[in-house]
Amino acid sequence: MPVGRPDPVHGTGARREERLLATGAGLVAVALVLAVGPTGQTWAAWQYALAALVTFDLAGGVVANGLNSAKRDHHATDSPLEASRLGRLVRRPVRFAVVHVQPVAVGLLFPGASWWWGPLWYVAVLASVVVVRRAALHLQRPVALGCCVVATVVACGLPAPDGFAWLPVVMFLKLTLAHAVREEPYRPVTGLSQG
């Protein structure tokens with residue numbers, strides 16, 4: 001069982017550098033998205049705020065879900081996360097994917113895409129998580145990588161909301177590859193060669 005203060009985002013026992021990596025990735029992505037922003041027109045202030053929130057959650061979430069501390073917690077048979085509602089949610093990859101409605105919200109609230117863009121990516125991510133979770137354990141990572149490759153190729157060919165062409169790929173990385181794949185977590189080792 002993971003030891004430490006329960007942390008549904010980074011995993012119980014996450015080290016400072018692990019939390020900083022996830023937060024840093026989210027903040028850098030927010031800075032990039034807001035700097036590039038919309039290419040065709042200006043967003044309203046609330047759209048910039050929403051774009052920052054969505055970007056931080058998805059980009060930071062890719063790294064947070066990939067942390068060894070998160071892998072230990074999210075896939076452990078016994079975890080202190082079970083005590084909270086959010087903790088129980090992150091330990092159930094399909095349910096966790098269900099609450100990620102960001103593509104639908106972005107598709108509805110930002111210009112540049114057809115009405116079907118958001119629902120298409122929402123359903124695609126959810127289906128990929130189900131496929132990964134049903135795959136044999138030794139095939140989960142390659143299946144997830146295959147889903148990410150297909151999503152990347154398709155996303156490059158579809159019109160997206162202005163400033164959000166990246167969203168499907170990052171969402172696949174967060175939910176399909178980083179979260180749904182059950183992997184062996186490693187703890188930091190001191191005194192051994194990383195070679």
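A disulfide is taken here as a pair of cysteine sulfur atoms within 2.5 Å. The model under discussion is predicted, and by that rule its count comes to 0 disulfides. Cys147, for example, is in no disulfide, since the nearest cysteine sulfur, that of Cys148, is 6.9 Å away. The sulfur of Cys156 lies 13 Å from the closest cysteine sulfur, again in Cys148, and is therefore too far for a bond.

The surroundings of these cysteines may be followed along helix H8. This helix spans residues 140-157, and its 18 residues reach 26 Å from the first C-alpha to the last, close to the 26 Å expected at 1.5 Å a residue. Gln140, Ala144, Cys147, Cys148, Ala151 and Ala155 are buried in H8. Because these residues cover an arc of only 100 degrees around the axis, they fall on the same side of H8. Cys147 counts as buried because its relative accessibility is 18%. The other side of H8 carries the exposed residues Val149, Val150, Val153, Cys156 and Gly157; for Cys156, the relative accessible area is 68%.

The cover over the buried residues of H8 includes helix H7 (117-134) and helix H9 (167-179). Phe172 touches Cys147, Cys148 and Ala151, and its contacts also include Trp121, Ala124, Val125 and Ser128.

In soluble globular proteins, nonpolar side chains tend to be buried together.

Key. Residues are numbered from 1 along each chain as its sequence is written. This is a predicted model: local features need pLDDT of at least 70, side-chain atom pairs count only at pLDDT 80 or more; totals for chains, interfaces and linings use all residues. Side-chain values use heavy atoms; hydrogens and water are left out. Helices (H or I, at least four residues) and strands (E, at least two) are DSSP runs, numbered from the N terminus. The expected span of a helix is 1.5 Å times one less than its number of residues. Buried means under 20% relative accessible area, exposed over 50%, partly exposed in between (1.4 Å probe, protein chains only). The arc is that of the directions from the helix axis to the C-beta atoms. Contact means heavy atoms within 4.5 Å. Lists of a residue's contacts leave out its neighbours within four places in sequence.
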